[in-house]
Amino acid sequence: MPELPEVETIVRDVTPKLVGRRIRTARLAKSDVLRRVSRRRLLETLTGNTVVAARRRAKHAVFLLASGHRLVGQPRMTGSLIVYDRPLTPDEARYAVLTCTLSRGGRFVYRDIRRLGTVWLLDERGWERYTARLGPEPLEPGFTADTLATALAGTRVAVKKAIMDQRRLAGVGNIYANEALFDARIDPSRPAHRLAPDEVRALHGAIVDVLRRALAASGTTVRDYRTGTGEPGNFQLELKVYDRGGEPCVHCGRRLVTTHAIDLRQTTLCAFCQR
Ligand SMILES: [Zn+2]
């Protein structure tokens, strides 16, 4: 969390207010979110630089700077990336970790209540090396059932764990893995390499469909996720299994079961509909 739809929403929201702007000042309140960069190098690189593009890759928001560097944010559970047109309220400022003031006004803020997220700064080569190790993007046209079949072949781990593995498939985390496996009617604990071709096709369709619907709803807010304008998402209203343990299955009415048997993560399923 946040996963593909949430990070894509953030990137789309901040792009018009951020791309083309010069960073006038940069301030870092806490250094413990930094990876692959020192506080000093981050602030020196950001100050006076210009944001030339904003993209998403997997669960990362990637800001390309005129210097060729990538500022990479992964908000995780309690972080958000927001561009404000106004000064921050005391409550917003309290959890602001990185604050950049922008040319033509505006403040680009990475806010993180528990600082579980990370901020990286990579040069072009460092970024290319990192992104090459990530799996395919499920909302790109090249992502087919065959692509998914290749990603799942040769691993005995539970199919749910396999589709959440960012080296096999980019952008899917616990929420959308649970939802896609329910929609595809597949038991999440099945070994990935044992899925039949028609099951892989169903899972491919379910992954693409749930990510598209979640993106159209600006993502899922179960805790602290906010869009790039500070609003909650809406897809939590459409969840069929995630966070619904004990509630009735929308297909058969039987009680949904929650387990922690796969990688200690919360898995909720209908033991009758998912085989
Ligand atoms: Zn059911």
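Asn 174 counts as buried in this predicted model, at 6% relative accessibility, where buried means under 20% relative accessible area, exposed over 50% and partly exposed in between, with a 1.4 Å probe and protein chains only. Asn 174 is placed in helix 7 (residues 174-183). Helices (H or I, at least four residues) and strands (E, at least two) are DSSP runs, numbered from the N terminus. Leaving aside residues up to four places away in sequence, Asn 174 touches Glu 3, Lys 160, Met 164, Tyr 242, Arg 265 and Gln 266; contact means heavy atoms within 4.5 Å. Lys 161 lies 13 residues from Asn 174 in sequence, and the two are 8.9 Å apart in space, C-alpha to C-alpha.

Residues are numbered from 1 along each chain as its sequence is written. The model is predicted, with local features needing pLDDT of at least 70, side-chain atom pairs counting only at pLDDT 80 or more, and totals for chains, interfaces and linings using all residues, while side-chain values use heavy atoms, with hydrogens and water left out.

A helix pair was examined next. Two packed helices are described by the angle between their axes and the distance between the axes. For helix 5 (residues 145-152) and helix 8 (residues 197-216), the axes come within 9 Å and cross at roughly 110°. Axes are lines fitted to C-alpha atoms, for helices over the stretch in contact, and angles run from 0 to 180 degrees between N-to-C directions. Helix 5 and helix 8 are therefore roughly perpendicular to each other, given that angles under 35 degrees count as roughly parallel, over 145 as roughly antiparallel, 65 to 115 as roughly perpendicular and the rest as oblique. Helix 5 contributes Ala 145, Leu 148, Ala 149 and Leu 152 to the contact, and helix 8 contributes Val 200, Arg 201, Leu 203, His 204 and Ile 207. By class, these are seven nonpolar, one polar and one charged residues; Ala, Val, Leu, Ile, Met, Phe, Trp, Tyr, Cys and Pro count as nonpolar, Asp, Glu, Lys and Arg as charged, and the others, Gly among them, as polar. His 204 of helix 8 is buried, with a relative accessible area of 15%. Not counting residues up to four places away in sequence, His 204 touches Phe 143, Thr 144, Ala 145 and Leu 148.

An open sheet has four strands in the order 1-7-8-6, with antiparallel pairing; two strands pair if DSSP finds at least two bridges between them. Strand 1 (23-28) and strand 6 (79-84) are the edge strands, each pairing on one side only. Direction ignored, neighbouring strands of this sheet are turned by 10° against each other on average. Five bridges link strand 1 with strand 7 (residues 96-102) in the antiparallel sense, and Cys 100 in strand 7 is the bridge partner of Ala 26. Helix 2 (residues 39-46) packs on the sheet and touches strand 1 and strand 7, its direction making about 165° with that of strand 1. Helix 1 (residues 4-18) lies across strand 6, strand 7 and strand 8 (107-112), and runs at about 30° to strand 6.

Strand 3 (residues 51-57) and strand 4 (residues 60-65) run antiparallel and are joined by six bridges. Ala 53 stands opposite Leu 64 in strand 4. The hairpin of these strands has two residues between them, and Ala 58 takes a positive phi near 55°. Strand 3 is mostly covered, with five of its seven residues buried.
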